[in-house]
Amino acid sequence: ADIGISTLVDELADASWGWVIVALVLAQVPLVCDAAATVAAVGMPLPRGPTTVLQSAIKFINLTVPSTAGKIALTMRFLERQGVTRAVALTSGSIDGLAGFVVQALVLIVVVPLVDIDVDLEDADVGPLVWAGIAVLAVAAVAAVVMVAVPSLRARVWPTVAAAVTNVRALASSPGRLVRLLAANVGSQILYALALGASVHAYGADATLPELLLINTGVSLLGGLVPVPGGIGVTEAGLIAGLLAVGVDESAALAATLTHRMVTYYLPPVWGWFSLRWLSRHDFV
């Protein structure tokens, strides 16, 4: 795109800092939604304040661990300290992660018809992704057969499976709890899209909410599937490509992407570290 460092510096220098602050604030509000999703996934009362602080601590953990794995691991630790059994804690974290994945997919299905975007996929090589998916399914199938066939493994795994089935049945039989879980994840997607929109506005560009949802949700979904902490590199490239596809010029797209990633990923671990320390000092993790 012939964007030099001087062009980027000029764009950042000309940013509307009011919109940057709005983006920073909007990017932190999803912590409340994520805490509500965790409570809904568990199905038992949890302290709302510490549960919200937990979501901030996850931002710090995500620096070194792929987002879904880090979230599940730290959430399990927190839930066990709240008296939740290990099996239920593991299931709840997985349910929360699965709900987020389902919501992202549904958001894409809803907004794609509302967005006029032309993306050329003729040269895209999806073969490696297909084979990777087949490999994952094959490994999962083999692992399941081994666990069923070996008595000692079956005895260790079955209690967790039984607890998982019980938790899933309880969630399915509680429409209110299921709605809260899905609504919390939808709220997070909308807030992050609005934060992206504020970052775009900071550089004099514009994008509609459906476009922002398509870009942010699609890139988040892709970043979650790639085994790189925080989707570093993949997410930035995806956001820039998405903004370019909806008509944002190159320099503004790059500057807006860097701003959005700063307020959603690179800065939150700063206070996420203090959140993790607070949780540790108060024996929540």
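Which residues does Ser-188 touch, not counting residues up to four places away in sequence? In this predicted model, the answer is Pro-30, Cys-33 and Asp-34. Ser-188 itself sits in helix 9, which covers residues 175-201. With a relative accessibility of 4%, Ser-188 falls under the 20% cut-off and so counts as buried. One of its partners also shows up in a polar contact: the side chains of Ser-188 and Asp-34 are joined at 2.9 Å.

Next comes a pair of helices. Two packed helices are described by the angle between their axes and the distance between the axes. For helix 2 (residues 17-28) and helix 12 (residues 250-266), the axes come within 8 Å and cross at roughly 40°. On the helix 2 side, the contact is made by Val-20, Ala-23, Leu-24, Ala-27 and Gln-28, while helix 12 brings in Thr-259, Val-263 and Thr-264.

What about the surroundings of helix 12? Of its 17 residues, 12 are buried, so helix 12 is largely enclosed by the rest of the structure. Thr-259, Val-263 and Thr-264, which meet helix 2, are among these buried residues. The buried set also includes Ser-251, Ala-252, His-260, Arg-261 and Tyr-265.

Key: Residues numbered from 1 in each chain as written. Predicted model: local features only at pLDDT ≥ 70, side-chain atom pairs only at ≥ 80, totals over all residues. Heavy atoms only, no water. Axes fitted to C-alpha atoms, helices over the stretch in contact; angles between N-to-C directions. Helix = DSSP H or I, 4+ residues; strand = E, 2+ residues; numbered from the N terminus. Contact = heavy atoms within 4.5 Å. Buried < 20%, exposed > 50% of the residue type's maximum accessible area, 1.4 Å probe, protein only. Polar contact = N/O pair within 3.5 Å; in protein donor to acceptor, adjacent residues only side chain to side chain.
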